[in-house]
Amino acid sequence: MTLTGPSAPHVVTPQQGGSVGSTSCGTPLQSAHSSHEFSPASETMLVTPLNSSLRQEVAFVARFLMLCCVVVSDGGCAALSRRWQDSAKTVIIGGGCVGVSVAYHLAKAGQKDVVLLEKSELTAGSTWHAAGLTTYYHPGINLKKIHYYSIKLFEQLEEETGQAVGFHQPGSIRLASSPVRVDELKYQMSRTHWHPTPQFLIAPEQIHELFPLLNMNKVLAGLYNPGDGHIDPYSLTMALAAGARMYGAQIYHPAPVTGLTPTADGRWDVQTPHGTIRANRIVNATGFWARELGQMIGFQHPTVPVHHQYVVTATVPEVKALKKELPVIRDLEGSYYLRQERDGLLFGPYETEEKMVLQDSWIRDGVPPGFGKELFESDLDRIMDHVEMAMEMVPVLKNADIINIVSGPITYTPDLLPMIGPHQGARNYWTAIGFGYGIIHSGGVGKFLSDWIMSGEPPYDLIECDPNRYGQWTSASYLCAKARESYGFNNVVGYPKEERFAGRPTNRVSGVYELLKDKCSMGFHAGWEQPHYFYKPGDDTGYKPSFRRTNWFGPVGRECKLVMERVGVIDLSPFGKFTVKGEDSHKLLDGLLANSLPKVGQTNISHMLTPRGRVYAEVTVTQHAPGEFLLITGSGSELHDLRWMERQVSDGGYRVSVFNVTDEMGVLGIAGPNSRKVLQKLTDEDMSDAAFRFLQCKSIQLAGILVRAVRISYTGELGWELYMDMSNMSAVYEALMGTGQDEGIDNFGTYAMNSLRLEKGFRAWGAEMNCDTNPLEAGLDYFIKLNKSAEFMGKRALLEIKSQGLKRKLAFLTLHTDHIDPEGNETIWHNGKVVGNTTSGSYSYSTHQSLALGYLPGDLLNIGQKVEVELLGKKYPATVSQEPLVLTEPARTRLQKKKSEREIQ
């Protein structure tokens, strides 16, 4: 490839620099000369896939709309010609494609008084220079819905608004050039068949037919998504803006937000140079300015810009000679995407974390004033490894002329997923930020947030994008380390049980972390390090991911046997923990939880439901003193659940206090038939079954340390959860391990706990139940008290659902496989048709077979029903089985008592 083109672009040097690895350096910026027309033949970038006459028309319309909105004043911020609106139901801050999509969807849904504020002009920031890729594909489950909706919206948006969007749909192919990559594609296919996403595993011959310019020497297979392609980001944004205005939204620019002030009634005063707007809610959609806007109200949003480059070539004769547009390709081993751009090619790589550039100075110093439609200095040397791989895969690139290299900022969060939804800690403050792939997310996210705002609950589960997955532990150093890693891992093999190690550990470690860290494989949960499984001499140690059983399989079986036959200890400190107390605590929780409230000294499992009767959260509830409750939730939903509770408190005006005590309280679980013996050695409290019943809670002295003990275990075996001050945790742990040697005590991790809970048929929030499911179809009837007097949230919806009958229900499946086990989200087949999906899966070490939970239609729920579960492209026979596979310890104890009573009689 050769670099050709016009003279050097206009350069503006900012005060802030970027960094490669840990080294800061000054990074010049390119300034776009034209706000609306982008061409590779000029000093600026190409993103517009339209013919010249249509481009001119788009630019004219854009300029006309700009003139309709503003009249430039003599100095300072431009004066608005449009009448200023001083109140709104929703104020969206940020005029990129995501913010404008939120405005469009809210206005279309019928919300009045929707206002969007843009500090300079629409598309400024990351939108205007984006490559515009669109794809149905996503390796996760829930974001597939976002992608699907976006593409369907883009297909009809031009007809709806009259605004051209430049949408091309030649399809896309993900290339696999190694056996493990083929496994990865098969893995993704098994997780896609139960979605409407069009996706196919295709052979090399089909790939070459679709993309005849490929060098097929290394290509083994491809994942093909017809309907994928690319769209002009500028035109898309303008079409969404036209639609938003058409449905009644107001868009003001330039209208920078200078201050945000919360009011006593939960609303916001949004200050701008043009005046103040009183808003019922605000949505932060400010792209790489998100952190600065959040700082106005005390948040440090974990977002950071990265430098992303893509290359545009001049006309390539072989491309020009084609009769139809080439599909987009993604070379997974080469870590780049490539698409046709007119008669040339456009390709963008993702460098390794060692080579990528992070604009981390903006975290410290803020975005340079006036930055909006500028670019960073390009650096072809930094991406040459990928350029060479692209030339090998697409040989016509070797003789192509490069006419532009675009290097612009895109925003990353630590895990590369956006932050979407209401934020804990500030009433009616919503975020739509952190988009590394904002174009394809824009349509679906706008619809998702609009539905949530209008109905009061999320339309479906999207917890992986909840802004509350981050907390005080998310430091700037962690953010930068993870952003580098996530960028470099864009095309890394996506294994099940994936772990990523940059930035770890955070400051959020339990009281036994130092004692355990060298003995086990740690997993990462909401900032915490938690053991997955433990090593023994002779074990094959270390993180060795695979799509099949790998080095953890034997140790996990050993730990399951430990808990079933002796006694094990597990660190459960990542649990989210809240105390609720006050004169209205009963009233609050009785209306929030579908189960009856436990009596003093008792514990139960309860669920928070949405108004539609979906499962928003599962919590363990203990009333340890009159009107004082301890609520326990999973690590991944700590602030997610806290925000929901705080919202109910403020809306209902309840006189209660809710405290998050997650970091102050350590938790150890002890489980197994010998657990009672070990505890009894360390306490004067009577731990017998008669004195300490199942689901009972007591404060006891354990090795001289005050501990709150709850007789419950997610393993289903005899066990207790021990809650204590984090500072005392190591002393309690060492006392347990020292005292329990005769009882065979040892450690176990979360992998073993998951296998044991599945054998018992225990459900998990986020898998068997979430905002996509109701508790009745999840088999949670025992915990749902429809006859209790309190009108708990979701009760009316559940009564209606029950009266209409369930269309599907959770089933317990057993499988016989070969060195592979289900993990959840696999497709279930029957007679050649997709009939459902698994939610969790594992290997049962007690019964020596694979098992899964999964949703099936009512006519396939009979015990003994045969179905198939797809794993790595193979359909394995599965049987609907009676649950549980293994009885819980309390159930076994009751049966034994009954048997003994019959023998005595």
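**Entry 1: a hairpin**

How many residues lie between β17 and β18 in the hairpin they form? I counted two residues between them. Before going on, I noted that this is a predicted model, in which local features need pLDDT of at least 70, side-chain atom pairs count only at pLDDT 80 or more, and totals for chains, interfaces and linings use all residues. Residues are numbered from 1 along each chain as its sequence is written, and side-chain values use heavy atoms, with hydrogens and water left out.

My helices (H or I, at least four residues) and strands (E, at least two) are DSSP runs, numbered from the N terminus. I call two strands paired if DSSP finds at least two bridges between them.

I then looked at both partners of β17, residues 268-272. On one side, β16 (residues 259-262) runs antiparallel to β17 and is joined to it by four bridges. On the other, β18 (residues 275-284) is also antiparallel to β17, with five bridges. Val270 shows both pairings: Leu260 stands opposite Val270, and Ile277 in β18 is the bridge partner of Val270. The hairpin of β16 and β17 has five residues between the strands, and there Gly266 takes a positive phi near 90 degrees.

Is β17 mostly covered or mostly open? It is mostly covered, with four of its five residues buried. For me, buried means under 20% relative accessible area, exposed over 50%, and partly exposed in between (1.4 Å probe, protein chains only).

**Entry 2**

Next I traced a closed barrel of six strands, which runs β41-β44-β43-β42-β45-β46 with antiparallel pairing. Its neighbouring strands are turned by 45 degrees against each other on average, direction ignored; axes are lines fitted to C-alpha atoms, for helices over the stretch in contact, and angles run from 0 to 180 degrees between N-to-C directions.

What does α4 pack against? Its buried residues pack against α3, β11, β12, β13, β42 and β45, where contact means heavy atoms within 4.5 Å. Nine of the 12 residues of α4 are buried, so this helix is largely enclosed by the rest of the structure. Among them are Arg181, Asp183, Glu184 and Tyr187.

I also checked the length of α4 (residues 179-190): its end C-alpha atoms are 17 Å apart, which agrees with the 16 Å it should span at 1.5 Å a residue. The expected span is 1.5 Å times one less than the number of residues.

Helix α16 (residues 638-652) has 15 residues and reaches 21 Å from first C-alpha to last, close to the 21 Å expected. Its buried residues include Trp644, Met645 and Gln648. Gly653 follows α16 with a positive phi, near 65 degrees.

From Gln648 I jumped to Asp379, which is 269 residues away in sequence and 52 Å away in space, C-alpha to C-alpha. Asp379 lies in the loop between β24 and α10 and is partly exposed, with a relative accessible area of 30%. The side chain of Asp379 reaches the backbone nitrogen of Asp381 at 3.3 Å.

**Entry 2: confidence**

Last, I looked up pLDDT, the predictor's confidence in each residue, from 0 to 100. The mean for the protein is 91, and 91% of its residues reach 70 or more. Over residues 5-76, though, pLDDT stays under 50.

Note on methods: A polar contact is a pair of N or O atoms within 3.5 Å; within protein, one must be able to donate a hydrogen and the other to accept it, and residues adjacent in sequence count only if both atoms are side-chain atoms.
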